[in-house]
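Please keep the sequence and the three-dimensional view at hand while reading.

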Amino acid sequence: MKRSLRRALWAGAVVALTVAAVPVTTAFGAGTVTTTFTKAQDWGTGHETRVTVTNGSSATVTTWRIEFDLPSGTTISSAWDADVTSSGNHYVAVKKSWAGGIAPGASFSWGYNGSGAYKAPLNCTINGAACGGGTTPPTTTPPTTTPPTTTPPTTPPPTTPPPTTNPPNPGGKKVVGYFAEWGVYGRNYHVKNIQTSGSAAKLTHILYAFGNTTGGRCAIGDSYADYEKAYTAADSVDGVADTWDQPLRGSFNQLRKLKRMNPHLKVIWSFGGWTWSGGFTQAAQNPAAFAESCYNLVEDPRWADVFDGIDVDWEYPNACGLTCDTSGPNAFKNVISALRSKFGSSALVTAAITADGSNGGKIDATDYAGAIGNLNWLMPMTYDYFGAFAAQGPTAPHSPLTSYTGIPQQGFNSDAAIQKLKSKGVPANKLLLGIGFYGRGWTGVTQAAPGGSATGAAPGTYEAGIEDYKVLKNTCPATGTIAGTAYAKCGSNWWSYDTPSTINGKMTYANNQGLGGAFFWELSGDTSNGELIGAIKGGLG
């Protein structure tokens with residue numbers, strides 16, 4: 001499973017500066033189905049709005065169509081989790097094809113970023129019925145026995161600064177996404193894009209990848225990208241440019257700003273990966289010294305507030321990745337124990353691990369269950385099972401959820417990995433299901449169905465044999481599904497990747513298995529409006 005081949009992804013955007021002290025909500029009613037527009041952010045020159053459709057009827061709402069006008073000076077620049085079209089200042093929003101029905105008493109949310117200050121929509125209808133209701137936003141103060149009034153109070157009600165997004169339930173499912181430090185170069189994907197795509201509102205945790213493990217110590221991966229690169233106002237999360245003499249710049253400072261705008265978000269510094277896992281072998285010889293070096297780096301006073309913990313991406317303990325490790329089955333457990341002892345009980349300590357569920361495979365080589373007591377969660381990398389690193393094929397989906405007739409290797413599927421880890425004693429709620437925001441492909445393929453022969457890797461934007469979902473959805477749309485994931489044949493090229501529809505099915509699996517949520521590699525592979533992360537968040541509920 002060659003994670004090196006997907007370590008080069010990311011795109012560009014627009015963002016928010018500040019937020020009003022009290023969220024503004026405008027509710028419209030159409031019978032027993034209501035639509036609520038909530039101002040999530042307003043930074044003067046732009047705003048973010050969350051729109052919630054709530055089904056108060058006794059029957060499932062299988063489709064919805066919202067029409068509304070925006071006042072002069074306000075336009076929608078991007079939207080997520082709904083298909084939005086416009087004619088002048090008139091907008092139509094309809095349900096995404098991957099979104100399920102809304103059960104009685106349930107609701108569904110989508111959102112948009114707009115130019116200009118927030119203004120309540122006008123002339124709203126839902127499913128053709130007049131919305132009705134006023135456009136005066138209610139206050140957030142508790143109701144009294146007297147009717148509400150639109151007259152401003154003489155003394156503003158006491159408030160506390162609210163989060164700039166609708167934060168996920170802290171006790172709910174985890175939605176964890178990787179941010180690749182090198183994405184700020186050729187891919188032009190920056191922390192700001194996490195905000196403007198709407199992804200920040202859906203994420204619970206960001207994994208910053210990667211720190212190095214050279215010499216058995218934690219070390220900086222790329223100092224320029226991490227904390228030296230100066231951001232202009234246009235590229236900065238909050239619209240404020242870096243100065244030459246400020247103590248922290250780069251992605252670390254941008255992440256700090258992102259967390260201020262999204263107080264629910266946690267950021268974890270991930271170390272290792274395919275290229276930089278070699279140092280773990282030496283770390284296993286002296287876990288305490290390794291943990292000490294990691295703590296000193298993560299908790300460096302310049303950026304200690306940015307990170308909420310550490311992630312270990314060791315590919316692979318007591319097995320072979322880019323290099324082979326022979327530290328023994330207890331090495332991983334010992335390293336994790338040392339990290340927990342040094343970082344303490346309040347820090348997050350997580351790990352991305354192999355998803356090789358074959359008999360005698362990589363999961364069997366390490367005592368992952370023995371380490372789970374010191375970990376907040378484990379992330380089996382349930383992708384990259386198959387790809388053009390086997391140049392002649394056979395073609396196979398790189399992220400099958402289940403086995404299927406003709407699969408090239410038994411145990412190389414998500415369910416096999418999850419079941420093996422559970423059987424070894426890893427609690428289901430400490431396992432996250434992995435999703436790839438990219439496809440793997442071959443060329444020289446004549447057979448549409450999986451199992452065909454090939455002549456090599458399909459062309460890719462950055463690397464042969466791999467391509468972002470945001471590209472493939474347009475250049476090679478899915479033509480079939482197998483084992484819970486999608487594939488496509490375009491000319492002589494054959495690709496496999498996940499779509500919003502297959503992700504929805506995988507999230508159903510995660511929920512049915514009692515998993516703790518999902519994670520994905522990585523943010524820049526998604527569309528500019530966060531189509532895939534929306535499917536993860538919507539599917540997990």
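## Backbone features

Tyr316 lies in the loop between β14 (309-313) and α6; helices (H or I, at least four residues) and strands (E, at least two) are DSSP runs, numbered from the N terminus. The peptide bond joining Glu315 and Tyr316 is cis, with omega at about 5°. A cis peptide bond also leads from Ala209 to Phe210, with omega near 0°. Phe210 belongs to strand β12 (residues 205-211).

Asn127 is not a glycine, yet has a positive phi of about 55°. Asn127 is placed in the loop between β9 (122-126) and β10 (129-130). For context, most residues other than glycine have a negative phi, and most peptide bonds are trans.

## Basis of the model

The model is predicted: local features need pLDDT of at least 70, side-chain atom pairs count only at pLDDT 80 or more, and totals for chains, interfaces and linings use all residues. Residues are numbered from 1 along each chain as its sequence is written, and side-chain values use heavy atoms, with hydrogens and water left out.

## Helices α5 and α6

Two packed helices are described by the angle between their axes and the distance between the axes. The axes of α5 (residues 287-298) and α6 (residues 331-343) come within 8 Å and cross at roughly 45°. Here, axes are lines fitted to C-alpha atoms, for helices over the stretch in contact, and angles run from 0 to 180 degrees between N-to-C directions. The two helices α5 and α6 are therefore oblique to each other (angles under 35 degrees count as roughly parallel, over 145 as roughly antiparallel, 65 to 115 as roughly perpendicular and the rest as oblique).

Residues of α5 in contact (heavy atoms within 4.5 Å) with α6 include Phe290, Tyr295 and Val298, and those of α6 include Val335, Leu339 and Phe343. By class, this contact of α5 with α6 has 11 nonpolar, 1 polar and 2 charged residues. In this classification, Ala, Val, Leu, Ile, Met, Phe, Trp, Tyr, Cys and Pro count as nonpolar, Asp, Glu, Lys and Arg as charged, and the others, Gly among them, as polar.

## Helices α10 and α11

The axes of α10 (residues 500-512) and α11 (residues 531-540) come within 8 Å and cross at roughly 30°. Helices α10 and α11 are therefore roughly parallel to each other. Among the contacting residues are Ile503 and Met507 of α10 and Leu532 and Ile536 of α11. The contact of α10 with α11 divides into 8 nonpolar, 3 polar and 1 charged residues.
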